[in-house]
Amino acid sequence: YINILPELARCFERIGTLYYCSNHIDEAEILFCSGLDLCNYLLQNEERSVTPLIPDFLHNLGTVYHSRNEFEKAIKYLEDSLEWYLRLNTVINEFAEFPKNILSNKIICNYINLSITFQSIGLPHKALEAINKVDELQNIKEKSDFQVDLKSKYLSSKASILLKLGKEDEANQNLKEMISVLEIQAESYPLKYTRELVNLYLEMCASLIQS
């Protein structure tokens, strides 16, 4: 029944993500590894519909190893997934029937996670190089909850890097922009964003004291 295996691979990714978000890291890793193995098996059998899932599994495994503080391993998986995303994006953009930059959110997320991981091992310049790639792609539009979270993560990460590099004024600009994003969201979704907004105010105070 090889025809149902691509859907099974997608189930591995979805359910693994649920486990990861529920902090069941070991279970998530098993599902992501199983899904990646299944995708490789299907590719060997000329079933190419699962190709876009491969960088998703690599990226997810990178976040798993980051959660365990296995940062070198995390960087390897994140860099591998980024290479897949960029190659796929180049191919997709050659076809008129597909929206341009269809993978841009995934590429942006990958650069942000790479940046955070470089910070974790004390490489702020490498982290800044990765986060600056987001600026080269496009501005993140806050049209969905995912994009709001992505924009917040980007601004927070960049501010943190700039503070470590002694660029307090630039860091404060990123924090102010992040406040404006979260204030709007906290009005509509107070349970989700109010705590995050309070923490951001405290971070802004700490940054101003430092500068």
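Contact, as used here, means heavy atoms within 4.5 Å. The model is predicted. Two packed helices are described by the angle between their axes and the distance between the axes.

**Helix H8 and its surroundings**
- Helix H8 covers residues 168-188, and its 21 residues reach 31 Å from the first C-alpha to the last, close to the 30 Å expected at 1.5 Å a residue.
- Buried residues of H8 include Glu 168, Ala 171, Leu 175, Met 178, Val 181 and Gln 185.
- Helix H7 (145-164) and helix H9 (190-210) are among the elements that cover the buried residues of H8.

**Helix H3 against helix H5**
- The axes of H3 (residues 53-67) and H5 (residues 104-120) come within 11 Å and cross at roughly 25°.
- The two helices are therefore roughly parallel to each other, and their crossing is left-handed.
- H3 contributes Asp 56, His 59, Thr 63 and His 66 to the contact, while the residues from H5 include Lys 106, Cys 109 and Asn 113.
- The residues of this contact comprise two nonpolar, seven polar and two charged.

**Helix H4 against helix H5**
- H4 (residues 71-92) packs with H5 at an angle of about 160°, their axes being 10 Å apart.
- H4 is therefore roughly antiparallel to H5, and the crossing of H4 and H5 is left-handed.
- Among the contact residues are Phe 71, Leu 78 and Tyr 85 of H4, together with Ile 107, Leu 114 and Phe 118 of H5.
- By class, eleven nonpolar, six polar and two charged residues make up the contact of H4 with H5.

Key: Residues numbered from 1 in each chain as written. Predicted model: local features only at pLDDT ≥ 70, side-chain atom pairs only at ≥ 80, totals over all residues. Heavy atoms only, no water. Axes fitted to C-alpha atoms, helices over the stretch in contact; angles between N-to-C directions. Helix = DSSP H or I, 4+ residues; strand = E, 2+ residues; numbered from the N terminus. Parallel < 35°, antiparallel > 145°, perpendicular 65-115°, else oblique. Left-handed = near helix turned anticlockwise from the far one by under 90°. Nonpolar A, V, L, I, M, F, W, Y, C, P; charged D, E, K, R; others polar. Expected span 1.5 Å × (residues − 1). Buried < 20%, exposed > 50% of the residue type's maximum accessible area, 1.4 Å probe, protein only.
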